[in-house]
Amino acid sequence: MEPPTTATPTAPPAAAAPARPPPQIYESHYSASHARKLLASGALVRGVLRVNPKNRADAYVALDETPGSRAVQNAPELLGYGVGTGNDVYVCGDACRNRAVAGDVVAIRLLSKKEAARAYKANRLADDRRKDKMTAQRRARLAGMSEQMGAATETESAATEAESAATETESAATATGPRIPELFGTVVSIIIHDDDRTYAGSLSAVPPPAIVKRHAQFLRSAGRDVLWFRPLSGEIPIMALPAGDVPAELRGCKRNEYCSVRMRGWAATEPVPRATFVEALGGRGSIEAETLLILAENGVITAPATPGVLRCLPAVPWTIPRADLARRTDLRARCVFTIDPASARDLDDAVSCERLPGGRLLVGVHIADVSYFVRPGTALDDHALARATTTYMVQRAYPMLPAVLCEDLCSLGPGVDRLAFSVLWEMDPASGAVCATWFGRSVIRSACKLSYDDAQAAIEGRGLPAAVSCSHARADVESAIRQLDALARVLRRRRFDGGALSLNNVRLAFELDAAGAPVGCR
(Lines give C-alpha, C1' and ligand atoms only; values in the text may rest on other atoms or scores of the structure.)
Protein backbone atom coordinates (compact mmCIF):
# COMPACT_ATOMS: atom_id res chain seq x y z
CA MET A 1 0.00 0.00 0.00
CA GLU A 2 1.46 3.30 -1.12
CA PRO A 3 1.60 6.17 1.33
CA PRO A 4 -0.75 9.02 0.54
CA THR A 5 0.83 11.78 -1.53
CA THR A 6 0.90 15.29 -0.18
CA ALA A 7 0.81 18.33 -2.43
CA THR A 8 3.96 20.34 -2.43
CA PRO A 9 3.08 23.86 -1.45
CA THR A 10 3.77 26.45 -4.19
CA ALA A 11 4.76 30.04 -3.62
CA PRO A 12 2.13 32.58 -4.56
CA PRO A 13 2.82 34.34 -7.88
CA ALA A 14 4.93 37.40 -7.49
CA ALA A 15 2.97 40.64 -7.80
CA ALA A 16 3.55 42.44 -11.04
CA ALA A 17 5.76 45.46 -10.69
CA PRO A 18 3.68 48.62 -10.88
CA ALA A 19 3.93 50.40 -14.20
CA ARG A 20 6.38 53.23 -14.04
CA PRO A 21 4.58 56.55 -14.49
CA PRO A 22 5.65 58.43 -17.59
CA PRO A 23 8.14 61.21 -16.94
CA GLN A 24 6.91 64.79 -17.08
CA ILE A 25 8.28 66.54 -20.15
CA TYR A 26 6.67 69.94 -19.75
CA GLU A 27 5.82 72.15 -16.77
CA SER A 28 2.21 71.95 -15.58
CA HIS A 29 0.03 74.87 -16.60
CA TYR A 30 -1.34 77.25 -13.97
CA SER A 31 -5.07 76.90 -13.31
CA ALA A 32 -7.28 79.49 -15.01
CA SER A 33 -8.15 81.17 -11.69
CA HIS A 34 -4.51 81.34 -10.59
CA ALA A 35 -3.44 82.76 -13.97
CA ARG A 36 -6.18 85.44 -13.78
CA LYS A 37 -5.00 86.43 -10.30
CA LEU A 38 -1.38 86.73 -11.42
CA LEU A 39 -2.35 88.67 -14.54
CA ALA A 40 -4.30 91.12 -12.40
CA SER A 41 -1.34 91.54 -10.05
CA GLY A 42 1.05 92.21 -12.93
CA ALA A 43 3.13 89.08 -12.29
CA LEU A 44 2.19 87.73 -15.74
CA VAL A 45 1.47 89.29 -19.12
CA ARG A 46 -0.67 87.90 -21.93
CA GLY A 47 -0.71 87.90 -25.70
CA VAL A 48 -1.04 85.91 -28.91
CA LEU A 49 1.63 83.33 -29.74
CA ARG A 50 3.12 83.13 -33.19
CA VAL A 51 5.70 80.58 -34.26
CA ASN A 52 8.50 80.75 -36.82
CA PRO A 53 7.38 78.24 -39.51
CA LYS A 54 11.01 77.61 -40.52
CA ASN A 55 12.16 76.90 -36.98
CA ARG A 56 9.50 76.07 -34.40
CA ALA A 57 11.99 76.60 -31.59
CA ASP A 58 11.54 80.34 -32.18
CA ALA A 59 8.22 81.77 -31.02
CA TYR A 60 7.04 85.24 -30.09
CA VAL A 61 4.20 86.72 -28.10
CA ALA A 62 2.65 90.00 -29.21
CA LEU A 63 0.98 91.44 -26.12
CA ASP A 64 -2.76 91.97 -26.62
CA GLU A 65 -3.01 94.13 -23.48
CA THR A 66 -0.68 97.02 -22.70
CA PRO A 67 1.04 96.18 -19.38
CA GLY A 68 -0.41 98.08 -16.42
CA SER A 69 1.51 99.97 -13.78
CA ARG A 70 1.83 96.87 -11.57
CA ALA A 71 3.38 94.84 -14.39
CA VAL A 72 5.83 97.64 -15.24
CA GLN A 73 6.68 97.97 -11.56
CA ASN A 74 7.45 94.24 -11.42
CA ALA A 75 9.41 94.36 -14.70
CA PRO A 76 10.50 97.89 -15.71
CA GLU A 77 11.76 96.53 -19.03
CA LEU A 78 8.07 96.12 -20.06
CA LEU A 79 7.85 99.88 -20.48
CA GLY A 80 7.31 100.43 -24.19
CA TYR A 81 5.74 97.03 -24.72
CA GLY A 82 2.07 96.68 -25.49
CA VAL A 83 -0.57 96.69 -28.21
CA GLY A 84 0.69 98.16 -31.47
CA THR A 85 4.28 98.82 -30.33
CA GLY A 86 5.80 96.03 -32.42
CA ASN A 87 7.77 94.77 -29.41
CA ASP A 88 7.44 91.04 -28.74
CA VAL A 89 8.40 88.74 -25.90
CA TYR A 90 10.65 85.94 -27.18
CA VAL A 91 9.65 82.38 -26.28
CA CYS A 92 12.78 80.30 -26.75
CA GLY A 93 12.48 76.57 -27.43
CA ASP A 94 9.87 73.86 -26.92
CA ALA A 95 10.12 73.88 -23.13
CA CYS A 96 9.33 77.60 -22.86
CA ARG A 97 6.53 77.30 -25.41
CA ASN A 98 5.08 74.63 -23.08
CA ARG A 99 2.55 72.98 -25.42
CA ALA A 100 1.04 76.21 -26.78
CA VAL A 101 0.52 76.38 -30.55
CA ALA A 102 0.46 79.27 -32.98
CA GLY A 103 -2.64 81.43 -32.51
CA ASP A 104 -3.18 80.58 -28.83
CA VAL A 105 -3.72 83.40 -26.37
CA VAL A 106 -1.25 82.64 -23.59
CA ALA A 107 -0.16 83.93 -20.19
CA ILE A 108 3.59 84.23 -19.92
CA ARG A 109 6.03 84.70 -17.08
CA LEU A 110 9.05 86.83 -17.90
CA LEU A 111 12.36 85.05 -17.39
CA SER A 112 15.21 86.42 -15.32
CA LYS A 113 18.45 87.13 -17.14
CA LYS A 114 19.93 83.90 -15.81
CA GLU A 115 16.90 81.84 -16.94
CA ALA A 116 16.90 83.57 -20.32
CA ALA A 117 20.62 82.85 -20.85
CA ARG A 118 20.08 79.17 -19.98
CA ALA A 119 17.11 78.84 -22.36
CA TYR A 120 18.89 80.70 -25.16
CA LYS A 121 22.03 78.58 -24.82
CA ALA A 122 20.04 75.33 -24.89
CA ASN A 123 18.13 76.49 -27.96
CA ARG A 124 21.29 77.56 -29.80
CA LEU A 125 22.95 74.21 -29.03
CA ALA A 126 19.91 72.36 -30.40
CA ASP A 127 19.96 74.61 -33.46
CA ASP A 128 23.67 73.93 -34.02
CA ARG A 129 23.06 70.17 -33.78
CA ARG A 130 20.29 70.49 -36.34
CA LYS A 131 22.58 72.42 -38.70
CA ASP A 132 25.42 69.89 -38.19
CA LYS A 133 23.02 67.09 -39.06
CA MET A 134 21.89 68.91 -42.19
CA THR A 135 25.53 69.47 -43.20
CA ALA A 136 26.33 65.78 -42.70
CA GLN A 137 23.31 64.84 -44.81
CA ARG A 138 24.43 67.21 -47.58
CA ARG A 139 27.90 65.71 -47.51
CA ALA A 140 26.47 62.21 -47.70
CA ARG A 141 24.34 63.20 -50.68
CA LEU A 142 27.36 64.72 -52.42
CA ALA A 143 29.37 61.56 -51.81
CA GLY A 144 26.56 59.39 -53.12
CA MET A 145 26.16 61.50 -56.23
CA SER A 146 29.89 61.39 -56.87
CA GLU A 147 29.97 57.60 -56.62
CA GLN A 148 26.99 57.22 -58.94
CA MET A 149 28.49 59.49 -61.55
CA GLY A 150 31.93 57.91 -61.19
CA ALA A 151 33.47 61.29 -60.41
CA ALA A 152 37.14 61.57 -59.57
CA THR A 153 38.22 61.59 -55.95
CA GLU A 154 39.75 65.02 -56.39
CA THR A 155 36.42 66.44 -57.56
CA GLU A 156 34.63 64.87 -54.60
CA SER A 157 37.23 66.26 -52.20
CA ALA A 158 36.93 69.70 -53.74
CA ALA A 159 33.13 69.59 -53.43
CA THR A 160 33.38 68.46 -49.82
CA GLU A 161 35.92 71.16 -49.03
CA ALA A 162 33.69 73.77 -50.69
CA GLU A 163 30.78 72.49 -48.61
CA SER A 164 32.92 72.73 -45.46
CA ALA A 165 34.00 76.24 -46.33
CA ALA A 166 30.39 77.29 -46.89
CA THR A 167 29.39 75.75 -43.55
CA GLU A 168 32.24 77.48 -41.75
CA THR A 169 31.29 80.79 -43.35
CA GLU A 170 27.70 80.24 -42.24
CA SER A 171 28.90 79.38 -38.72
CA ALA A 172 31.10 82.46 -38.64
CA ALA A 173 28.17 84.61 -39.71
CA THR A 174 26.04 83.00 -37.03
CA ALA A 175 28.80 83.42 -34.43
CA THR A 176 28.09 87.13 -34.31
CA GLY A 177 24.56 85.90 -33.83
CA PRO A 178 21.23 87.47 -34.57
CA ARG A 179 20.07 90.28 -32.35
CA ILE A 180 19.29 88.73 -28.98
CA PRO A 181 15.75 89.63 -27.90
CA GLU A 182 15.41 91.94 -24.93
CA LEU A 183 12.64 90.04 -23.14
CA PHE A 184 12.32 86.27 -22.76
CA GLY A 185 9.23 84.53 -21.45
CA THR A 186 7.79 81.11 -20.77
CA VAL A 187 4.17 80.03 -21.26
CA VAL A 188 2.52 79.18 -17.94
CA SER A 189 -1.13 79.03 -19.03
CA ILE A 190 -3.11 78.77 -22.25
CA ILE A 191 -5.96 81.27 -21.90
CA ILE A 192 -7.69 80.67 -25.25
CA HIS A 193 -7.19 77.71 -27.57
CA ASP A 194 -9.51 77.10 -30.52
CA ASP A 195 -10.60 73.49 -30.04
CA ASP A 196 -12.53 73.54 -33.31
CA ARG A 197 -9.60 74.60 -35.47
CA THR A 198 -8.56 72.09 -38.12
CA TYR A 199 -5.07 71.47 -39.46
CA ALA A 200 -4.14 70.17 -42.91
CA GLY A 201 -1.38 67.68 -43.59
CA SER A 202 -0.51 64.09 -44.37
CA LEU A 203 -0.26 60.85 -42.39
CA SER A 204 2.75 58.64 -41.75
CA ALA A 205 3.12 55.24 -40.10
CA VAL A 206 6.74 56.00 -39.20
CA PRO A 207 7.27 57.81 -35.88
CA PRO A 208 9.44 60.92 -35.91
CA PRO A 209 13.14 60.13 -35.24
CA ALA A 210 13.23 62.49 -32.24
CA ILE A 211 10.47 60.50 -30.53
CA VAL A 212 12.17 57.19 -31.31
CA LYS A 213 15.42 58.50 -29.85
CA ARG A 214 14.20 60.38 -26.75
CA HIS A 215 10.71 59.14 -25.88
CA ALA A 216 10.74 55.35 -26.09
CA GLN A 217 8.29 54.96 -23.19
CA PHE A 218 5.73 57.16 -24.93
CA LEU A 219 6.24 55.20 -28.13
CA ARG A 220 5.60 51.90 -26.29
CA SER A 221 2.48 53.25 -24.61
CA ALA A 222 1.15 54.59 -27.90
CA GLY A 223 1.44 51.14 -29.46
CA ARG A 224 1.33 50.24 -33.12
CA ASP A 225 -2.20 51.45 -33.75
CA VAL A 226 -1.04 55.06 -34.03
CA LEU A 227 -0.51 57.20 -37.10
CA TRP A 228 1.54 60.37 -37.16
CA PHE A 229 0.04 63.54 -38.59
CA ARG A 230 2.57 65.80 -40.29
CA PRO A 231 1.06 69.29 -40.78
CA LEU A 232 1.73 71.34 -43.89
CA SER A 233 2.48 74.40 -41.79
CA GLY A 234 5.82 74.46 -40.00
CA GLU A 235 4.16 76.39 -37.16
CA ILE A 236 2.23 73.33 -36.01
CA PRO A 237 3.73 70.28 -34.23
CA ILE A 238 3.45 66.67 -35.36
CA MET A 239 0.45 64.93 -33.76
CA ALA A 240 -0.47 61.34 -32.89
CA LEU A 241 -3.90 59.92 -33.69
CA PRO A 242 -5.50 56.47 -33.44
CA ALA A 243 -5.27 54.53 -36.68
CA GLY A 244 -8.78 53.21 -36.05
CA ASP A 245 -10.22 56.72 -36.49
CA VAL A 246 -8.76 57.00 -39.98
CA PRO A 247 -10.61 55.58 -43.02
CA ALA A 248 -9.05 52.37 -44.29
CA GLU A 249 -8.10 53.92 -47.64
CA LEU A 250 -5.89 56.49 -45.88
CA ARG A 251 -4.09 54.13 -43.53
CA GLY A 252 -1.63 53.29 -46.27
CA CYS A 253 -0.24 56.81 -45.73
CA LYS A 254 0.29 57.68 -49.38
CA ARG A 255 2.64 60.58 -49.77
CA ASN A 256 0.33 62.94 -51.67
CA GLU A 257 -2.90 62.12 -49.84
CA TYR A 258 -3.96 64.83 -47.44
CA CYS A 259 -6.43 65.09 -44.59
CA SER A 260 -7.43 67.40 -41.76
CA VAL A 261 -7.39 66.77 -38.01
CA ARG A 262 -8.30 68.56 -34.78
CA MET A 263 -5.99 68.79 -31.79
CA ARG A 264 -7.46 67.00 -28.78
CA GLY A 265 -5.20 67.75 -25.84
CA TRP A 266 -1.51 67.73 -25.07
CA ALA A 267 -0.49 66.13 -21.77
CA ALA A 268 2.58 67.34 -19.91
CA THR A 269 3.92 63.76 -20.07
CA GLU A 270 3.69 63.45 -23.86
CA PRO A 271 6.07 64.91 -26.45
CA VAL A 272 3.37 65.60 -29.05
CA PRO A 273 -0.35 66.44 -28.92
CA ARG A 274 -3.11 63.93 -29.62
CA ALA A 275 -5.46 64.49 -32.55
CA THR A 276 -8.72 63.22 -34.00
CA PHE A 277 -9.37 62.67 -37.68
CA VAL A 278 -11.76 65.13 -39.38
CA GLU A 279 -11.89 64.42 -43.12
CA ALA A 280 -9.95 63.34 -46.19
CA LEU A 281 -8.94 66.25 -48.42
CA GLY A 282 -7.85 64.26 -51.46
CA GLY A 283 -4.66 64.15 -53.47
CA ARG A 284 -2.67 67.25 -54.29
CA GLY A 285 -3.17 68.80 -57.70
CA SER A 286 -6.93 68.96 -58.13
CA ILE A 287 -8.65 72.32 -57.63
CA GLU A 288 -11.07 70.87 -55.10
CA ALA A 289 -8.33 69.27 -53.00
CA GLU A 290 -6.16 72.40 -53.08
CA THR A 291 -9.16 74.52 -52.05
CA LEU A 292 -9.89 72.25 -49.10
CA LEU A 293 -6.20 72.35 -48.11
CA ILE A 294 -6.18 76.16 -48.09
CA LEU A 295 -9.38 76.28 -46.03
CA ALA A 296 -8.18 73.70 -43.51
CA GLU A 297 -4.68 75.16 -43.20
CA ASN A 298 -6.10 78.62 -42.45
CA GLY A 299 -8.75 77.40 -40.04
CA VAL A 300 -11.70 78.54 -42.16
CA ILE A 301 -14.92 77.04 -40.82
CA THR A 302 -17.07 75.60 -43.60
CA ALA A 303 -19.58 73.61 -41.54
CA PRO A 304 -23.24 74.56 -42.07
CA ALA A 305 -25.24 76.34 -39.39
CA THR A 306 -26.46 74.10 -36.57
CA PRO A 307 -30.16 73.75 -35.65
CA GLY A 308 -29.53 75.98 -32.61
CA VAL A 309 -28.24 78.75 -34.88
CA LEU A 310 -31.15 78.40 -37.28
CA ARG A 311 -33.61 78.73 -34.40
CA CYS A 312 -32.28 82.28 -33.85
CA LEU A 313 -33.51 83.34 -37.30
CA PRO A 314 -36.97 84.76 -38.01
CA ALA A 315 -39.40 82.82 -40.13
CA VAL A 316 -39.53 83.78 -43.80
CA PRO A 317 -41.20 85.53 -45.50
CA TRP A 318 -40.45 88.28 -42.98
CA THR A 319 -41.66 91.87 -42.79
CA ILE A 320 -40.44 94.71 -40.60
CA PRO A 321 -42.62 94.98 -37.45
CA ARG A 322 -44.54 98.26 -37.11
CA ALA A 323 -42.84 99.04 -33.80
CA ASP A 324 -39.43 98.96 -35.48
CA LEU A 325 -40.67 101.13 -38.33
CA ALA A 326 -41.84 103.72 -35.82
CA ARG A 327 -38.44 103.77 -34.06
CA ARG A 328 -36.38 104.30 -37.23
CA THR A 329 -35.89 107.10 -39.75
CA ASP A 330 -37.87 106.29 -42.87
CA LEU A 331 -35.69 106.79 -45.97
CA ARG A 332 -37.73 104.61 -48.33
CA ALA A 333 -38.72 107.57 -50.49
CA ARG A 334 -35.05 108.46 -51.17
CA CYS A 335 -33.30 107.39 -54.37
CA VAL A 336 -31.07 104.69 -52.85
CA PHE A 337 -29.30 102.06 -54.98
CA THR A 338 -26.54 99.42 -54.78
CA ILE A 339 -23.39 99.11 -56.93
CA ASP A 340 -21.64 95.73 -56.75
CA PRO A 341 -19.95 93.13 -58.96
CA ALA A 342 -22.41 91.64 -61.45
CA SER A 343 -22.30 88.25 -59.68
CA ALA A 344 -22.89 89.60 -56.14
CA ARG A 345 -25.77 88.12 -54.14
CA ASP A 346 -25.20 89.66 -50.71
CA LEU A 347 -25.81 93.38 -51.21
CA ASP A 348 -24.77 94.80 -47.85
CA ASP A 349 -24.27 98.49 -48.70
CA ALA A 350 -26.10 101.12 -50.74
CA VAL A 351 -25.56 104.79 -51.63
CA SER A 352 -27.65 107.86 -52.37
CA CYS A 353 -26.98 111.41 -53.54
CA GLU A 354 -29.31 114.34 -54.11
CA ARG A 355 -28.86 118.07 -54.59
CA LEU A 356 -30.26 120.31 -51.86
CA PRO A 357 -31.65 123.84 -52.22
CA GLY A 358 -28.61 126.08 -52.15
CA GLY A 359 -26.43 123.72 -54.19
CA ARG A 360 -25.03 121.38 -51.54
CA LEU A 361 -25.19 117.60 -51.91
CA LEU A 362 -26.80 115.19 -49.45
CA VAL A 363 -24.67 112.04 -49.75
CA GLY A 364 -25.82 108.85 -48.03
CA VAL A 365 -24.19 105.51 -47.26
CA HIS A 366 -26.51 102.80 -45.98
CA ILE A 367 -25.25 99.55 -44.42
CA ALA A 368 -27.49 96.55 -43.77
CA ASP A 369 -28.32 96.47 -40.02
CA VAL A 370 -27.19 92.94 -39.23
CA SER A 371 -27.15 93.70 -35.50
CA TYR A 372 -30.96 93.65 -35.49
CA PHE A 373 -30.89 89.89 -36.14
CA VAL A 374 -27.62 88.91 -34.44
CA ARG A 375 -28.23 89.45 -30.73
CA PRO A 376 -25.31 89.28 -28.25
CA GLY A 377 -24.73 85.96 -26.51
CA THR A 378 -26.92 83.91 -28.84
CA ALA A 379 -25.91 80.83 -30.80
CA LEU A 380 -26.07 82.97 -33.95
CA ASP A 381 -23.65 85.47 -32.39
CA ASP A 382 -21.23 82.64 -31.51
CA HIS A 383 -21.57 81.27 -35.06
CA ALA A 384 -20.57 84.64 -36.55
CA LEU A 385 -17.79 85.19 -33.99
CA ALA A 386 -16.14 81.88 -34.85
CA ARG A 387 -16.09 82.75 -38.57
CA ALA A 388 -15.26 86.47 -38.19
CA THR A 389 -15.82 87.22 -41.87
CA THR A 390 -17.11 85.79 -45.12
CA THR A 391 -14.27 83.94 -46.88
CA TYR A 392 -14.15 84.29 -50.65
CA MET A 393 -12.41 81.67 -52.74
CA VAL A 394 -12.27 81.94 -56.52
CA GLN A 395 -15.13 79.56 -57.16
CA ARG A 396 -17.27 79.93 -54.02
CA ALA A 397 -17.83 81.90 -50.83
CA TYR A 398 -18.17 80.66 -47.24
CA PRO A 399 -20.49 83.15 -45.52
CA MET A 400 -20.11 84.40 -41.97
CA LEU A 401 -23.89 84.28 -41.50
CA PRO A 402 -26.55 81.82 -42.67
CA ALA A 403 -27.74 82.37 -46.23
CA VAL A 404 -31.21 83.54 -45.15
CA LEU A 405 -29.54 86.60 -43.60
CA CYS A 406 -26.69 87.47 -45.96
CA GLU A 407 -28.61 86.72 -49.17
CA ASP A 408 -32.12 87.77 -48.10
CA LEU A 409 -33.02 89.61 -44.89
CA CYS A 410 -29.75 91.61 -44.72
CA SER A 411 -29.32 91.99 -48.47
CA LEU A 412 -30.40 95.40 -49.77
CA GLY A 413 -32.18 94.08 -52.85
CA PRO A 414 -34.28 96.36 -55.03
CA GLY A 415 -37.93 96.98 -54.20
CA VAL A 416 -37.95 95.50 -50.68
CA ASP A 417 -37.94 97.25 -47.30
CA ARG A 418 -34.74 96.63 -45.38
CA LEU A 419 -33.31 97.70 -42.04
CA ALA A 420 -30.13 99.75 -42.32
CA PHE A 421 -27.70 101.92 -40.43
CA SER A 422 -27.26 105.14 -42.40
CA VAL A 423 -24.97 108.14 -42.46
CA LEU A 424 -25.95 111.31 -44.34
CA TRP A 425 -23.36 113.99 -45.12
CA GLU A 426 -24.23 117.45 -46.31
CA MET A 427 -21.27 118.30 -48.56
CA ASP A 428 -19.95 121.17 -50.66
CA PRO A 429 -19.55 119.76 -54.20
CA ALA A 430 -16.79 122.24 -55.09
CA SER A 431 -14.46 121.60 -52.15
CA GLY A 432 -15.65 118.24 -50.81
CA ALA A 433 -16.01 119.76 -47.34
CA VAL A 434 -18.48 118.09 -44.95
CA CYS A 435 -20.88 120.74 -43.62
CA ALA A 436 -23.18 118.52 -41.50
CA THR A 437 -23.48 114.84 -40.54
CA TRP A 438 -26.31 112.59 -39.38
CA PHE A 439 -26.04 108.97 -38.20
CA GLY A 440 -28.97 106.74 -37.36
CA ARG A 441 -30.93 103.54 -37.77
CA SER A 442 -33.14 103.65 -40.82
CA VAL A 443 -35.46 101.82 -43.20
CA ILE A 444 -34.58 101.95 -46.89
CA ARG A 445 -35.95 100.57 -50.16
CA SER A 446 -33.35 100.23 -52.89
CA ALA A 447 -34.42 101.59 -56.28
CA CYS A 448 -32.18 99.30 -58.32
CA LYS A 449 -29.29 96.87 -58.33
CA LEU A 450 -26.38 98.11 -60.46
CA SER A 451 -23.14 96.48 -61.51
CA TYR A 452 -19.87 98.38 -61.87
CA ASP A 453 -20.31 98.34 -65.65
CA ASP A 454 -23.84 99.79 -65.30
CA ALA A 455 -22.54 102.67 -63.16
CA GLN A 456 -19.65 103.30 -65.58
CA ALA A 457 -22.12 103.54 -68.47
CA ALA A 458 -24.03 106.26 -66.59
CA ILE A 459 -20.78 108.14 -65.80
CA GLU A 460 -19.77 108.09 -69.47
CA GLY A 461 -23.17 109.47 -70.53
CA ARG A 462 -24.40 106.30 -72.23
CA GLY A 463 -27.20 105.84 -69.70
CA LEU A 464 -28.18 102.77 -67.74
CA PRO A 465 -28.61 99.60 -69.81
CA ALA A 466 -32.18 98.75 -70.74
CA ALA A 467 -31.96 95.54 -68.70
CA VAL A 468 -31.66 97.53 -65.45
CA SER A 469 -35.03 97.88 -63.71
CA CYS A 470 -35.55 101.00 -61.54
CA SER A 471 -38.38 101.95 -59.21
CA HIS A 472 -37.23 105.60 -59.34
CA ALA A 473 -36.84 107.67 -62.49
CA ARG A 474 -33.79 106.43 -64.38
CA ALA A 475 -32.69 110.04 -64.90
CA ASP A 476 -32.56 110.51 -61.09
CA VAL A 477 -30.38 107.44 -60.64
CA GLU A 478 -28.04 108.48 -63.48
CA SER A 479 -27.79 112.02 -62.09
CA ALA A 480 -26.91 110.69 -58.61
CA ILE A 481 -24.17 108.48 -60.06
CA ARG A 482 -22.62 111.38 -61.97
CA GLN A 483 -22.76 113.64 -58.90
CA LEU A 484 -21.04 110.99 -56.80
CA ASP A 485 -18.37 110.56 -59.48
CA ALA A 486 -17.72 114.33 -59.64
CA LEU A 487 -17.48 114.52 -55.84
CA ALA A 488 -15.11 111.52 -55.76
CA ARG A 489 -12.81 113.31 -58.24
CA VAL A 490 -12.72 116.38 -56.01
CA LEU A 491 -11.87 114.30 -52.93
CA ARG A 492 -9.25 112.29 -54.82
CA ARG A 493 -7.56 115.44 -56.11
CA ARG A 494 -7.52 116.87 -52.58
CA ARG A 495 -5.84 113.70 -51.27
CA PHE A 496 -3.15 113.79 -53.97
CA ASP A 497 -2.53 117.48 -53.32
CA GLY A 498 -1.97 116.47 -49.69
CA GLY A 499 0.71 113.93 -50.65
CA ALA A 500 -1.27 110.70 -51.17
CA LEU A 501 0.18 107.98 -53.43
CA SER A 502 -1.65 106.23 -56.24
CA LEU A 503 -1.11 102.46 -56.08
CA ASN A 504 -2.50 100.87 -59.21
CA ASN A 505 -2.61 97.18 -58.38
CA VAL A 506 -3.63 94.73 -61.06
CA ARG A 507 -6.73 92.74 -60.09
CA LEU A 508 -7.32 89.47 -61.87
CA ALA A 509 -10.79 88.06 -62.36
CA PHE A 510 -11.00 84.38 -63.30
CA GLU A 511 -13.59 82.97 -65.65
CA LEU A 512 -14.85 79.53 -64.59
CA ASP A 513 -16.74 76.82 -66.42
CA ALA A 514 -19.80 75.02 -65.04
CA ALA A 515 -17.56 72.66 -63.03
CA GLY A 516 -15.70 75.55 -61.37
CA ALA A 517 -12.47 75.07 -63.35
CA PRO A 518 -10.71 78.22 -64.62
CA VAL A 519 -10.94 78.76 -68.37
CA GLY A 520 -9.58 82.31 -68.59
CA CYS A 521 -8.84 85.52 -66.74
CA ARG A 522 -9.15 89.21 -67.34
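This is a predicted model: local features need pLDDT of at least 70, side-chain atom pairs count only at pLDDT 80 or more; totals for chains, interfaces and linings use all residues.
**Stop one: the open sheet.** Start with the 5 strands that form an open sheet, which run in the order S3-S2-S1-S4-S5 with antiparallel pairing. Look at the edges: S3 and strand S5 (185-192) each have a single partner strand, so one side of each has no neighbour in the sheet. As you step from one strand to the next, the twist averages 40 degrees.

Now select residues 45-51 and 105-110, which are strands S1 and S4; they pair antiparallel over 4 bridges. To see where they line up, pick Val45, which stands opposite Ile108 in S4.

**Stop two: the largest nonpolar core.** Select Leu78, Leu203 and Leu241. Of the 48 residues in this core, these three touch the most other members. Strand S3 (residues 88-92) supplies the largest share, 4 residues. Apart from this core lies another, of 22 residues, including Val309, Ala384, Leu401 and Val443.

Zoom in on Leu241. Leaving aside residues up to four places away in sequence, Leu241 touches several others, among them Leu203, Asp225, Phe229, Val261 and Phe277.

**Stop three: strand S12.** Select residues 336-340. Is this strand largely enclosed or left open? Since 4 of the 5 residues of S12 are buried, the strand is largely enclosed by the rest of the structure.

Strand S13 (residues 349-355) runs antiparallel to S12, joined by 2 bridges, and Val336 stands opposite Ser352 in S13. With strand S19 (residues 448-451), S12 pairs in the parallel sense over 4 bridges; here, Phe337 stands opposite Cys448.

Definitions and conventions: Residues are numbered from 1 along each chain as its sequence is written. Side-chain values use heavy atoms; hydrogens and water are left out. A nonpolar core is a set of buried Ala, Val, Leu, Ile, Met, Phe, Trp, Tyr and Cys residues joined through side-chain atoms within 4.5 Å. Buried means under 20% relative accessible area, exposed over 50%, partly exposed in between (1.4 Å probe, protein chains only). Contact means heavy atoms within 4.5 Å. Two strands pair if DSSP finds at least two bridges between them. Axes are lines fitted to C-alpha atoms, for helices over the stretch in contact, and angles run from 0 to 180 degrees between N-to-C directions.
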